[in-house]
Amino acid sequence: MSSKAAERTGPMRHVPRAMFYLRLVAAQLEMSTLTALQYRLGFWTEGLLGLLWSVIGIAPLFVAVDHLGAVEGWGRWELVVLTGCFTILSGLFTAVLQPALRESMTHILKGTLDYVLLRPADGLVLCLTCAFQPWHLVEVLGGLVLVIAGLWLGEVEVTATGLLAGLATGAAGLMALYAFGVLVLCASFRALQLQALTHVMEALMDFGRWPAQVFPPVLRLLFTFVIPLLVMTSYPAEALLGRLSWGTVAELAAVSATLLVLARLAWVRSVRGYTSASS
């Protein structure tokens with residue numbers, strides 16, 4: 001009897017729950033994709049425009065390189081790698097996180113978040129997967145192309161260790177992005193201009209176009225530990241270029257994990273104080 005109880009409470013108990021959430025995300029993404037494909041021209045146009053704006057963002061960096069020879073130690077093709085990391089992040093934000101935040105904020109504004117929270121699944125997961133804009137995933141593919149092109153044209157020798165460090169730092173950056181998004185969502189429980197918060201977040205993310213070394217020490221600390229923009233873009237690029245130690249990678253992972261815990265606690269506190277339209 002005890003062995004059966006152990007089986008029910010062991011690691012295998014969590015597998016069906018994990019599969020449930022994976023299927024939930026897949027179903028939401030499929031519905032959003034099918035809806036978007038009803039307007040195929042808009043589907044590709046929106047994605048390509050987003051990619052175009054990200055590529056145009058290289059121009060001021062190239063101008064700085066032409067005049068200075070390098071931007072704080074970053075050459076032309078290294079900046080292309082950085083821009084690729086930024087484009088990947090921007091594509092994921094506009095495709096996956098931003099539409100979900102806006103939809104959830106609309107529920108909060110109307111007092112209809114109950115319809116989400118009462119479903120038999122984690123409320124935060126439902127809020128973060130309630131809407132997608134899949135056409136912006138074109139930006140993610142474009143960003144990958146920019147990263148590969150920058151590494152190749154810059155003749156950067158990417159080692160297995162560097163690639164692993166880049167992937168680990170990129171994962172930490174993605175966690176930081178979601179943690180920051182959850183904190184913005186929690187702030188919307190009390191803010192009046194709900195939709196404007198996502199625009200503020202989008203505007204702040206533009207600082208991620210620039211290398212970490214450009215910013216003075218105070219801003220570098222701010223954009224690493226408080227608003228972790230550099231964790232999302234600059235540090236993954238540095239890891240791919242072989243400039244980041246494993247100690248720094250571990251520190252960035254710890255920062256992202258801490259932000260995730262704080263974001264979860266903030267969510268629980270915000271939901272407890274939420275007043276719906278039916279309350």
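I began with helix α5 (residues 76-110) and helix α9 (residues 160-187), whose axes come within 10 Å and cross at roughly 20°. For the record, my helices (H or I, at least four residues) and strands (E, at least two) are DSSP runs, numbered from the N terminus. The axes are lines fitted to C-alpha atoms, for helices over the stretch in contact, with angles running from 0 to 180 degrees between N-to-C directions.

This is a predicted model, and local features need pLDDT of at least 70, side-chain atom pairs count only at pLDDT 80 or more, while totals for chains, interfaces and linings use all residues. Residues are numbered from 1 along each chain as its sequence is written, and side-chain values use heavy atoms, with hydrogens and water left out.

**Entry 1: α5 and its partners**

I noted α5 and α9 as roughly parallel to each other; angles under 35 degrees count as roughly parallel, over 145 as roughly antiparallel, 65 to 115 as roughly perpendicular and the rest as oblique. Their crossing is right-handed. On handedness, a crossing is left-handed if the near helix is turned anticlockwise from the far one by less than a right angle, and right-handed if clockwise.

Which residues meet here? From α5 I listed L89, L92, F93, V96, L97, L101, S104, M105 and I108, and they meet L174, L177, Y178, G181, V184 and L185 in α9. Contact means heavy atoms within 4.5 Å.

Next I turned to α5 and helix α8 (residues 137-153), where the axes come within 7 Å and cross at roughly 165°. That makes α5 roughly antiparallel to α8, and the crossing of these two is left-handed.

**Entry 2: the whole chain**

I counted 14 helices and zero strands in the protein chain. Buried residues make up 45% of its 279 residues; buried means under 20% relative accessible area, exposed over 50%, partly exposed in between (1.4 Å probe, protein chains only). Among contacts with a separation of 6 or more, 81% come from residues 24 or more positions apart.

**Entry 3: rings**

How many aromatic pairs does a search of the whole structure find? I got four. One of them is F215 with F223, edge-to-face at 5.3 Å centre to centre and 80° between the planes. Rings of Phe, Tyr and Trp (its six-membered ring) pair if their centres lie within 6.5 Å; planes under 30 degrees apart count as stacked, over 60 as edge-to-face and the rest as tilted.

F215 is buried at 9% relative accessibility, and F223 is buried too, at 5%. Ring pairs also bring in F207, giving a cluster of F207, F215 and F223.

I then found R243 over the face of W74, at 4.8 Å from the ring centre. The test is NZ of Lys or CZ of Arg within 6 Å of the ring centre and within 35 degrees of the ring normal.

**Entry 4: single residues**

V116 is in helix α6 (residues 114-117) and is buried at 5% relative accessibility. Leaving aside neighbours within four places in sequence, V116 is in contact with H107, G123, L126 and C127. V116 and L126 are 10 residues apart in sequence and 6.8 Å apart in space, C-alpha to C-alpha.

S270 is in helix α14 (residues 246-272), buried at 16% relative accessibility. S270 touches C186 and F189, not counting residues up to four places away in sequence.

Is E155 buried or exposed? I have E155 as exposed, with a relative accessible area of 72%, in the loop between α8 and α9. E155 is not a glycine, yet has a positive phi of about 55°.
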